[in-house]
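Good morning, and thank you for the time. I would ask you to look at the model on the screen while I describe how its parts are arranged.

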Amino acid sequence: MSHAAPLSPRKTPRQSRSRASYEAVLTAAAQILEREGMAGLNTNAVAERAGVSVGTLYQYFPGKEAIAAELVRRIKAQLLDDLTGALVAARGRSLREAAQIILSASIRHHARAPELSRELERIEEDLPLDDEVAAITDKVHAGLIGLLAEHALPAPEVVARDLTAMSRGMVHAALFAGETDLAQIERRLLPAILGYLGLAHRD
């Protein structure tokens, strides 16, 4: 994967037909990434699945890396939306209740498209993504830090990082094992989160 490849769309479509083609390209790319990973992603395959010409694809994206980067931006923005809603719901709650709300939001987010989510996380590590992605990531982290600071936890930056890694890893493991009962996943993972926070879990 070349790090020199441009990672931003060439232009943003304005007309409805152009927007439809743009979205079709992204949808097709997401489907390929879910099934075959980045190794299976190429502009010819994306254009064919999207039902557009390769020339149309190149009007919007300079290459497959830019398509993948746009998908990373979108899933990051979706995570921020999910977490923002959860943080609002957690405001004024006990730390135990807040932890459950945040965990539930994380599970729902990753369960939407677990294979795509995992592949985009790999891509995020490999590609030198732009300031927009970094800003979204910082907002997600800052939201968690703020919540933890409200409960006077020491080193909230470290705790936020650890909780993010713990929940993401455990949720991915459950989903990739084929589990579909999100409530059951939450019931099993919540004690680990509460244990890390020093809170005894009781049903």
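The protein averages a pLDDT of 88, and 94% of the residues score at least 70; pLDDT is the predictor's confidence in each residue, from 0 to 100. This is a predicted model, in which local features need a pLDDT of at least 70 and side-chain atom pairs count only at pLDDT 80 or more, while totals for chains, interfaces and linings use all residues. Residues are numbered from 1 along each chain as its sequence is written, and side-chain values use heavy atoms, with hydrogens and water left out.

Let me begin with the overall architecture. The secondary structure comes to nine helices and zero strands; here helices (H or I, at least four residues) and strands (E, at least two) are DSSP runs, numbered from the N terminus. From the N terminus on, the order of elements is therefore α-α-α-α-α-α-α-α-α. The C-alpha trace spans about 60 × 35 × 30 Å along its principal axes. Among the elements, the lowest mean pLDDT, 85, belongs to helix α6 (residues 114-126), and the highest, 96, to helix α2 (residues 43-50).

I turn now to the database record. An unreviewed UniProt entry annotates residues 19-79 as "domain: HTH tetR-type". UniProt positions are given in the numbering used here, feature names are shortened, and annotations may be inferred rather than shown by experiment. In the model, the span 19-79 is 80% helix and 0% strand, and its end C-alpha atoms lie 23 Å apart. The unreviewed entry also marks residues 42-61 as "DNA-binding region". That span is 75% helix and 0% strand, with 12 Å between its end C-alpha atoms.

Next, the helix packing. Two packed helices are described by the angle between their axes and the distance between the axes. Axes are lines fitted to C-alpha atoms, for helices over the stretch in contact, and angles run from 0 to 180 degrees between N-to-C directions.

How do the axes of α8 and α9 cross? Helix α8 (residues 156-176) and helix α9 (residues 182-196) have axes that come within 11 Å and cross at roughly 150°. That makes α8 roughly antiparallel to α9, given that angles under 35 degrees count as roughly parallel, over 145 as roughly antiparallel, 65 to 115 as roughly perpendicular and the rest as oblique. The crossing of α8 and α9 is right-handed; a crossing is left-handed if the near helix is turned anticlockwise from the far one by less than a right angle, and right-handed if clockwise. Ala, Val, Leu, Ile, Met, Phe, Trp, Tyr, Cys and Pro count as nonpolar, Asp, Glu, Lys and Arg as charged, and the others, Gly among them, as polar.

Helix α9 also packs against helix α5 (residues 95-111), at an angle of about 135° and with the axes 10 Å apart. That makes α5 oblique to α9, and their crossing is right-handed. The contact includes Leu103 and Ile107 of α5 and Leu189 and Ile193 of α9. Its residues divide into 10 nonpolar, two polar and two charged.

Finally, helix α7 (residues 131-150) packs with α8 at about 120°, their axes 9 Å apart. That makes α7 oblique to α8.

Methods:
Contact = heavy atoms within 4.5 Å.
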